[in-house]
Amino acid sequence: MNPETAAERDELDDAITFTPVGDGRSTRLDLWRDDRSVSGCWIVRQRIRVGRSVVRMDGIGGVGTETDHRQQGFASRVLHAAIRRMKAGDAVISMLYGIPDFYERFGYTQAGPEHAVYVDPDPVAEPPSGWSVRPAMPEDLPALRAVYEEATSHAVGAAVRDGDAHVWRSLSDRLAEGASVECAVAVDPSGKICGYVRKGEGFWAVDVLARDEPACTVYGEALATRPEAADALLAHCVRSTQCADGERQPALLPIPHDGAMAHAAMRRRARFVRAFSPTGGSMALVLDPLSLLQDIAEELADRL
């Protein structure tokens, strides 16, 4: 891309441009040298829940520099420009998944541990009486969105997903293609969907986890609004694990330890992990402390 076609240049570093993209929520940052983008990142507008409150968050992703231009401070210039841009907007916090010993210099700090639940395979597992699990269908999407809203209504860090969010559009496309193994739903005796589990293949975090844990069957997202739904979904997961060298694999769910799915796992042979890191990993930067406190006032009052 020619820098002259970019939407806007950075006021303090005219080698950097900001270009909005077609999804309406993402901005591409590029650092140009000799009419070539040699370093850049993305800013992605999000809203996340902090208990009963909702705050504006800008996510940072895709930070990278061309190999022949590394070790010249270009990534630092990109990050400083991104932070200036975010502070000039309406976001109160920024988050990213960072490499060790880099993002701390820009003010980012660890946002908390990584959670994982490993559940042993069980080929004869069954859902509770009267409950069933079946592949999701395109017409189930409104019910899946309702499950997500209810299950995350008091979570900390969960994204607020509009109906046209990328995660829903990608699932809609997968279901339209007939990908029956992508998502399964838990159905109560009356026929109501009360939970779902999704593989999430193709999403960066899920693909990285699958790469790092090849001896496990990874499920990217699992949510339930009733304990029986969680039991049914977990039975599906541990019964459907893939086989490696004739051995069934454990199911791996990257979920917090205080939700319905984790409680269901406590009634099976399972291992819970909270992985902490002194640097890198899930990180956050407060952009506007006063606005952040105002935005989470409802949650703070409730906790008080």
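Asp35 is exposed, with a relative accessible area of 58%; here buried means under 20% relative accessible area, exposed over 50%, and partly exposed in between, computed with a 1.4 Å probe on protein chains only. The model is predicted: local features need pLDDT of at least 70, side-chain atom pairs count only at pLDDT 80 or more, and totals for chains, interfaces and linings use all residues. Residues are numbered from 1 along each chain as its sequence is written, and side-chain values use heavy atoms, with hydrogens and water left out.

**Exercise 1.** State in which loop Asp35 is placed and what its phi angle is.

*Solution.* Step 1: Asp35 belongs to the loop between β3 (26-33) and β4 (36-50); helices (H or I, at least four residues) and strands (E, at least two) are DSSP runs, numbered from the N terminus. Step 2: although Asp35 is not a glycine, its phi is positive, about 60°. Step 3: Asp34 also belongs to this hairpin, which has two residues between the strands, and takes a positive phi near 55°. Step 4: a further residue that is not a glycine, Gln71, has a positive phi of about 60°. Gln71 is found in the loop between β5 (53-65) and α1 (74-88), and at 81% relative accessibility it counts as exposed.

**Exercise 2.** Determine how β3 pairs with β2 and with β4.

*Solution.* Step 1: two strands pair if DSSP finds at least two bridges between them. Step 2: β2 (residues 16-20) and β3 are antiparallel and share five bridges, with Phe18 opposite Leu29 in β3. Step 3: eight bridges join β3 to β4, again antiparallel, and Arg28 faces Trp42 in β4. Step 4: seven of the eight residues of β3 are buried. Step 5: in the hairpin of β2 and β3, with five residues between the strands, Gly24 has a positive phi near 80°.

**Exercise 3.** Which residues of α3 are buried, and how are they arranged around its axis?

*Solution.* Step 1: in α3 (residues 166-176) the buried residues are Val167, Trp168, Ser170, Leu171 and Leu175. Step 2: they span an arc of only 165° around the axis, so they lie on the same side of α3; the arc is that of the directions from the helix axis to the C-beta atoms. Step 3: these buried residues pack against α2 (141-151), β11 (183-187) and β12 (193-198).

**Exercise 4.** Identify the members of the largest nonpolar core that touch the most other members, and the element that supplies its largest share.

*Solution.* Step 1: a nonpolar core is a set of buried Ala, Val, Leu, Ile, Met, Phe, Trp, Tyr and Cys residues joined through side-chain atoms within 4.5 Å. Step 2: of the 26 residues in the largest core, Val119, Val197, Leu234, Leu253 and Met261 touch the most other members. Step 3: the largest share of this core, eight residues, comes from α5. Step 4: another core, of 25 residues, lies apart from this one and includes Val78, Ala82, Ala91 and Leu287.

Methods. Contact means heavy atoms within 4.5 Å.
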